[in-house]
Structures are given as structure tokens and as C-alpha cells.
Amino acid sequence: MVKLYLGTNLKMYKTISAVKAYLNDLQKLTSDIDREKMEIFVLPSYTTLAAAVDAVDKRYIKIGAQNMCWEETGQFTGEISPLMLKELNVDIVMAGHSERRHVFGETDSEENKKIFSALAHGFTALLCIGETKEEKQYNVSDEVLRRQLKIGLYNIEKKDIKNVMIGYEPVWSIGIDGEPASAEYAREKHAIIKDTLKELFGDEGTRVPVLYGGSVNMDNARQIISEKYIDGLYVGRSAWKAEKFNELIRSV
Ligand code: PEP
């Protein structure tokens with residue numbers, strides 16, 4: 001059976017009360033959806049994580065963190081460790097979102113340390129990758145994606161790859177100024193990603209869910225997810241109202 005993955009990153013947008021209300025609504029609205037066929041996940045901000053985990057039944061909605069330090073403890077002011085996230089009982093840890101890479105200057109090797117640590121601590125690790133507008137213009141997108149995957153997943157053992165998801169989010173397609181990739185473009189890049197995963201991890205690599213993200217909306221969700229090699233959608237703005245996310249989920 002083909003399972004689809006539908007997730008959203010709430011970025012720095014909702015307070016505790018707003019997250020609780022959002023998750024209560026989303027869980028109610030999507031309660032009839034067969035979770036064997038679809039996994040739904042939400043990544044709210046750090047300060048809301050405890051309330052978020054409390055608000056949902058994790059069989060219906062998985063909760064994840066938007067970032068994590070690779071170290072368990074130490075002199076890392078402002079960071080949150082895997083032990084702290086473990087204590088909160090979150091399921092997913094994301095690394096490498098374009099805003100972490102391009103606003104906060106994170107590198108591929110730092111994303112690798114986060115992914116390695118997330119897996120070592122029993123989380124599902126969501127590695128985000130994606131080329132910038134400039135890289136696309138210079139026609140090096142495929143090399144960039146391969147590099148981000150090869151470094152981001154460096155030293156990850158084959159046995160652990162089943163706990164990895166990839167979010168392919170072309171940087172030029174994200175946010176208010178972004179324009180969605182065409183379904184064909186997304187399929188082409190997902191094919192490169194699947195091919196690289198196969199090269200790195202053999203058949204297990206081809207089973208890693210690869211989600212497309214970047215200006216997904218009601219008008220393009222179904223078309224994008226119908227493409228070969230696309231296992232799910234990672235949604236921003238169009239998912240931040242529970243009713244809208246529910247409508248989008250049902251449109252695919
Ligand atoms: C994102 O920032 O990860 C994202 C996919 O945002 P949007 O859907 O709003 O482009």
C-alpha cells in the first residue's frame with residue numbers, strides 16, 4: 001500500500017494557545033483519515049512543543065521539532081538538545097530547513113551532525129534540502145541536491161535509513177515571494193534524490209519518503225503528489241489554518 005506523508009512547519013508563527021487550538025481542530029477534522037494510508041505531522045516552535053504533544057494523539061498527528069543541537073549537554077547557549085526533546089516525547093526532528101541554512105548560516109556538515117544525533121536518539125529525522133535561485137540559474141541544482149544528501153546523510157547506517165524522511169524544498173519556491181515548482185520540475189528533482197538515495201543505501205534508500213515543499217496550495221497539491229517519486233507534501237502557509245490544511249489533505 002502506498003502511504004502519503006503530509007506535514008507542516010509552523011515556523012515562528014503560533015503561541016501555545018494558538019497551537020493547541022490548531023491541533024485540536026486538525027485532529028478532529030482529520031480523524032476519519034486512514035493513518036495506514038497517510039501520515040500527518042506538525043512541527044511547531046520549541047516553546048509550544050510540550051503543549052502540542054499533549055494536545056494530540058500521536059497515532060493521528062505526529063509532532064516534531066524544527067531544529068535540534070547534536071550534543072546532549074554542554075556550553076551551547078540558546079540550543080535545545082536531543083535529551084530535552086526526548087523528554088517532551090516528540091517524534092520527528094527536522095534539520096536543514098532553508099531558513100536555517102540561509103538565514104542562520106548552517107552548513108551541510110552541521111545538518112549531518114543533527115541528523116546523526118536525531119537517529120541515535122530514536123527520532124525520525126527529516127532532512128530538508130533544496131537549491132537556491134542562483135544555483136538553479138547556473139544549472140547546478142542536481143549537484144547541489146546530491147551534495148546536500150551525501151553530506152547530510154554521511155555516516156548514516158543503512159539500518160537507520162528507514163527512520164529518515166527527505167523534504168525537497170527549492171529555496172526559490174518557499175514563502176510569500178516563492179513560486180511553486182511545476183509538477184514536472186519537482187518529479188525530475190525527486191528522481192535525482194531517489195537515485196542518490198539508492199546509490200547511498202541501496203533498495204532501503206528508495207523507500208525513504210521524499211516530500212515536496214514550496215508554495216504547495218489547494219490548486220497544485222494533487223498534481224504534484226500524483227507525480228512519480230513524490231511521497232508527500234511539506235506545506236507552509238497553506239496549512240496554517242486547520243480547515244485549510246484539512247481541505248488540502250483531502251484534495252490529494
Ligand atoms: C516552507 O517554508 O518550508 C514552506 C514549504 O513554505 P510555503 O509552503 O509557505 O512556501
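**View 1. What helix H5 packs against.** The buried residues of H5 pack against helix H3 (82–88), S4, strand S5 (124–129) and helix H7 (141–152). Helices (H or I, at least four residues) and strands (E, at least two) are DSSP runs, numbered from the N terminus. "Buried" here asks for 20 or more other C-beta atoms within 10 Å of a residue's own; 12 or fewer makes it exposed, anything in between partly exposed, and C-beta atoms are placed from the backbone. On H5, the buried set is Glu111, Asn112, Lys114, Ile115, Phe116, Ser117, Ala118 and Leu119. This is a predicted model, where local features need pLDDT of at least 70 and side-chain atom pairs count only at pLDDT 80 or more, while totals for chains, interfaces and linings use all residues. Residues are numbered from 1 along each chain as its sequence is written.

**View 2**

**View 3. Ala95 and its partners.** Ala95 lies in strand S4 (residues 92–95). Ala95 counts as buried because 27 other C-beta atoms lie within 10 Å. Skipping neighbours within four places in sequence, Ala95 is in contact with Glu111, Lys114, Ile115, Ala118, Ala125 and Leu127; contact means that the C-beta atoms of two residues, placed from the backbone, lie within 7 Å. Ala65 is 30 residues away along the chain, yet its C-alpha atom and that of Ala95 are separated by 9.0 Å.

**View 4. The largest nonpolar core.** This core has 64 residues, and Val93, Ala125, Leu127, Ile166 and Leu233 have the most contacts inside it. Its largest share, 5 residues, comes from S5. A nonpolar core is a set of buried Ala, Val, Leu, Ile, Met, Phe, Trp, Tyr and Cys residues joined through C-beta atoms within 7 Å. Zoom in on Leu233: leaving out residues up to four places away in sequence, Leu233 touches Leu6, Leu211, Tyr212, Gly213, Val216, Ala221, Ile224 and Ile225.

**View 5. Around the ligand.** Of the 13 residues around the ligand, Ile174, Gly213, Ser215, Gly236 and Arg237 come nearest; to count, a residue needs its C-beta atom, placed from the backbone, within 6 Å of the molecule.
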